[in-house]
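Please look over the chain shown below, with attention to its surface, its fold and a pair of its residues. The points that follow are grouped by topic.

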Amino acid sequence: EIEHPGSLMVATERGKYYMGGKVTGLNFPVRDFPCKTPAEVRAGLPEDADVVAFQCRNPVHRAHYELFTRALDDELVGEGGVVL
């Protein structure tokens, strides 16, 4: 939908080029805290439990907390589901 920030940007701020696919040759960012790659996160997920995952670029606020903790109560999430 055009209301999505990414869609809106592509539709209204068109550049000369857009790229897709795997990006190589870039260094990992240097951070002051541990940060796993997507592959490392997937490798550490439990195989025998549902996982509720949420990504936010900002600190988690109460509304975010409510969103993912209530998701654990959904009927589609099995007993023992975990929040990532």
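The accessible surface of the chain comes to about 8100 Å², and carbon and sulfur atoms account for 55% of that area; such areas come from the Shrake-Rupley method with a 1.4 Å probe, and for residues only the protein chains shown count as cover. This is a predicted model, in which local features need pLDDT of at least 70 and side-chain atom pairs count only at pLDDT 80 or more, while totals for chains, interfaces and linings use all residues. Residues are numbered from 1 along each chain as its sequence is written, and side-chain values use heavy atoms, with hydrogens and water left out.

**Confidence**
- The mean pLDDT (the predictor's confidence in each residue, from 0 to 100) of the chain is 82, and 99% of its residues reach 70 or more.
- Confidence is lowest in helix α1 (residues 5–12), with a mean of 78, and highest in helix α2 (residues 38–43), at 89.

**Fold and overall form**
- Three helices and two strands make up the secondary structure of the chain, where helices (H or I, at least four residues) and strands (E, at least two) are DSSP runs numbered from the N terminus.
- Along the sequence, these elements follow the pattern α-α-β-α-β.
- The radius of gyration of the chain is 17 Å, well over the 12 Å that the globule rule gives for 84 residues, so the chain is more spread out than a compact globule; the radius is taken over C-alpha atoms, and the rule is 2.2 Å times the number of residues to the power 0.38.
- Taken along the principal axes, the box filled by the C-alpha atoms is roughly 50 × 30 × 25 Å.

**Burial and contacts**
- Of the 84 residues in the chain, 5% are buried (under 20% relative accessible area, with exposed meaning over 50% and partly exposed in between, for a 1.4 Å probe and protein chains only).
- Among contacts (heavy atoms within 4.5 Å) between residues at least 6 apart in sequence, 46% join residues at least 24 apart.

**Two residues**
- Met 9, placed in helix α1, is partly exposed at a relative accessible area of 35%, and, leaving aside neighbours within four places in sequence, Met 9 is in contact with Arg 14 and Tyr 18.
- Leu 84 lies in the segment after β2 (82–83) and is partly exposed, with a relative accessible area of 47%.
- Not counting residues up to four places away in sequence, Leu 84 touches Val 41, Leu 45, Val 51, Val 52, Ala 53 and Phe 54; Ala 53 is 31 residues from Leu 84 in sequence, with 4.7 Å between their C-alpha atoms.
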